[in-house]
Amino acid sequence: RGIILPSDFIPIAEETGLILQIGAWVLREACRQLQRWHEAGHRDIAMAVNLSARQVSQPGFADSVARVLADTGLAARALDLEITESLLMQPSDDNLAPLTQLSEMGIQLSVDDFGTGYSSLSYLRRFPIHALKIDQSFVRGIGQNTNDMAIVTAIIAMARSLNLKVLAEGVETDQQAAFLAAHGCVRGQGYYYSKPVEAAACAVLLEKQA
């Protein structure tokens, strides 16, 4: 079938429980690859890896992440783990404790697709979060939908007031990038910067920017 999008296979993996094995493999491979790039001289870059709520709640999850870092030689500060906003809606010792442990190790924690869920903002204070990622559905509306633009500026302002970093997802145009920068969001991901590429092609891009 060729390339299968995450939106097609992740729900099935979640339902069957295979997300635990997939998530463990992805984390290890991401850390290995990033360490290779660091050894090639690109020591300032970090790697973001999505986590499933089922991974976080697994006993000993934080310890397993620590083992991956030790095995690959990657510094904790270079790893950014992204959790879903739905996890903020379920504050319990099962997820608060491992996330706190990961944060204390020096790992960055981000909330992915922020703005699409129904989490209480008070939970942002309880979780050891370092960054919010504005969902692409709002970024897509920049220049077209005043409500989306208002939500984007509100999230940026809220992140600032909470001393959190903020990153925009799905940036595809000059207009979107300029609007975000003008409102204080200087980090982004999307086709405006690059389409998804394999590791070898990414290494070439890194060399060009060095």
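Reader: Which helix gives the largest share of the nonpolar patch?

Author: Helix α2, residues 19-39, gives three residues, the largest share of the patch. Keep in mind that this is a predicted model. The patch consists of Ile-4, Phe-9, Leu-18, Ile-22, Trp-25 and Val-26. Together they have about 520 Å² of accessible area.

Reader: What makes Val-26 partly exposed?

Author: Its relative accessible area is 33%. Buried means under 20%, and exposed means over 50%. The value for Val-26 lies in between, so Val-26 is called partly exposed. A patch residue needs over 30%. Val-26, at 33%, therefore passes that cut-off too. Val-26 is in helix α2.

Reader: Where does the lining of the second largest pocket come from?

Author: Helices α2 and α4 (61-72) each supply at least two lining residues. The largest share is from α2, with five residues. Among the lining residues are Leu-20, Gly-23, Arg-28, Gln-55, Phe-61 and Arg-67. The pocket holds about 180 Å³ of space.

Reader: How many lining residues fall in each class?

Author: Five are nonpolar, four are polar and two are charged. Arg counts as charged, so Arg-28 and Arg-67 belong to that class. Gly counts as polar, so Gly-23 goes there.

Reader: What makes Lys-133 and Glu-82 a salt bridge?

Author: Set the distance against the cut-off. The closest N and O atoms are 2.6 Å apart. The rule asks for a side-chain nitrogen of Lys or Arg within 4 Å of a carboxyl oxygen of Asp or Glu. The pair meets that rule, so it is called a salt bridge. Lys-133 lies in strand β4 (residues 131-134) and Glu-82 in strand β2 (residues 79-84), so the bridge ties together parts 51 residues apart in sequence.

Reader: Why are Lys-133 and Glu-82 called buried?

Author: Buried means under 20% relative accessible area. Lys-133 has 4%, so Lys-133 is buried. Glu-82 has 5%, so Glu-82 is buried as well.

Reader: How do you know that Lys-133 and Asp-112 form a salt bridge?

Author: Their N to O distance is 3.9 Å. The limit is 4 Å, so the pair counts. This bridge links strand β4, with Lys-133, to strand β3, with Asp-112, 21 residues apart. Both residues are buried.

Reader: What about Glu-169 and Lys-133: how far apart are the closest N and O atoms?

Author: They are 3.8 Å apart. That is within 4 Å, so this pair is a salt bridge. Glu-169 sits in the loop between β5 and α10 (174-182), 36 residues from Lys-133 in strand β4. Shared partners join Glu-82, Asp-112, Lys-133 and Glu-169 into one network. By the rule, the count comes to five salt bridges.

Reader: What is the phi of Asp-113, and where does the residue lie?

Author: Its phi is near 55 degrees, a positive value in a residue other than glycine. Most residues other than glycine have a negative phi. Asp-113 lies in strand β3 (residues 108-114). At 31% relative accessible area, Asp-113 is partly exposed.

Reader: Why is Asn-163 called exposed?

Author: Exposed means over 50%. Asn-163 has 71% relative accessibility, so Asn-163 counts as exposed. Asn-163 lies in the loop between α9 (146-161) and β5 (165-168). Asn-163 also has a positive phi, about 60 degrees, although it is not a glycine.

Definitions and conventions:
Residues numbered from 1 in each chain as written. Predicted model: local features only at pLDDT ≥ 70, side-chain atom pairs only at ≥ 80, totals over all residues. Heavy atoms only, no water. Patch = residues over 30% accessible without salt bridge, like charges linked within 9 Å, V, L, I, M, F, W, Y side chains within 5 Å. Areas by Shrake-Rupley, 256 points an atom, 1.4 Å probe, with all protein chains shown as cover. Helix = DSSP H or I, 4+ residues; strand = E, 2+ residues; numbered from the N terminus. Buried < 20%, exposed > 50% of the residue type's maximum accessible area, 1.4 Å probe, protein only. 1 Å grid on protein atoms, 1.4 Å probe; cavity = no way out; pocket = protein on both sides within 12 Å on 5 of 7 lines; lining within 4 Å. Points joined across faces, edges and corners; volume = space filled by probe spheres on them.
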